[in-house]
Amino acid sequence: MTSYSVRRTINASPEVVWNVLTDAPSYETWNSAVLGIEGEIAEGNKISLKSIVNPDRVFKLNVTGVEPPNRMVWWDGMPLGLFKGTRTFTVTPQGTGSEFHMEEIYTGLMAPMITRAIPDQTEAFEKFGDSVKAEAERRGG
């Protein structure tokens with residue numbers, strides 16, 4: 001199973017971090033890992049995302065598991081569960097701030113073959129984590 005994750009301690013409340021994560025129109029201004037995002041980040045919605053990992057592709061993501069201000073899931077996949085990428089965002093209170101964790105896991109029968117063709121996302125995850133931290137601390141730290 002292939003996965004990527006990033007974790008950051010943020011000097012801002014979970015509510016502030018959550019507001020950053022769900023503010024789709026501002027992603028392009030603060031998130032150095034995202035080139036563009038369209039749609040409302042809310043339970044049951046689909047969003048379109050362009051990433052630095054593959055700038056020529058638009059990812060059509062399903063938003064589920066939304067539990068403000070602590071948890072949210074974005075996922076995309078193939079029919080019949082042949083391949084699925086699931087990105088989980090978790091924000092937990094930590095002292096006067098928060099801990100932000102983002103993890104993406106690839107599953108399904110075709111995952112071993114498909115993940116060989118997916119570029120390494122370590123740098124993009126690090127940039128995403130750094131960007132969330134900087135923006136949340138700017139807004140409310």
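Predicted model: local features only at pLDDT ≥ 70, side-chain atom pairs only at ≥ 80, totals over all residues.
Local features are reported at pLDDT of at least 70 and side-chain atom pairs only at pLDDT 80 or more, while totals for chains, interfaces and linings use all residues. Residues are numbered from 1 along each chain as its sequence is written, and side-chain values use heavy atoms, with hydrogens and water left out.

Strands 3, 4, 5, 6 and 7 and helix 4 each give two or more residues to the lining. Helices (H or I, at least four residues) and strands (E, at least two) are DSSP runs, numbered from the N terminus. Strand 5 provides the largest share, 4 residues. By type, the lining divides into 18 nonpolar, 5 polar and 4 charged residues. Ala, Val, Leu, Ile, Met, Phe, Trp, Tyr, Cys and Pro count as nonpolar, Asp, Glu, Lys and Arg as charged, and the others, Gly among them, as polar.

Ser 48 sits in strand 3, residues 46-51. Ser 48 counts as buried because its relative accessibility is 16%. Buried means under 20% relative accessible area, exposed over 50%, and partly exposed in between (1.4 Å probe, protein chains only). The side chains of Ser 48 and Lys 60 form a polar contact of 3.2 Å. Such a contact is a pair of N or O atoms within 3.5 Å; within protein, one must be able to donate a hydrogen and the other to accept it, and residues adjacent in sequence count only if both atoms are side-chain atoms. Beyond four places in sequence, Ser 48 is in contact (heavy atoms within 4.5 Å) with Gly 36, Ile 37, Glu 38, Val 58, Phe 59 and Lys 60.

Two loop residues were also examined. Ser 26 lies between helix 1 and helix 2. At 14% relative accessibility, Ser 26 is buried. Its C-alpha atom is 8.8 Å from that of Ile 37, 11 residues apart along the chain. Gly 108 lies between strand 7 and helix 3. With a relative accessible area of 32%, Gly 108 is partly exposed.
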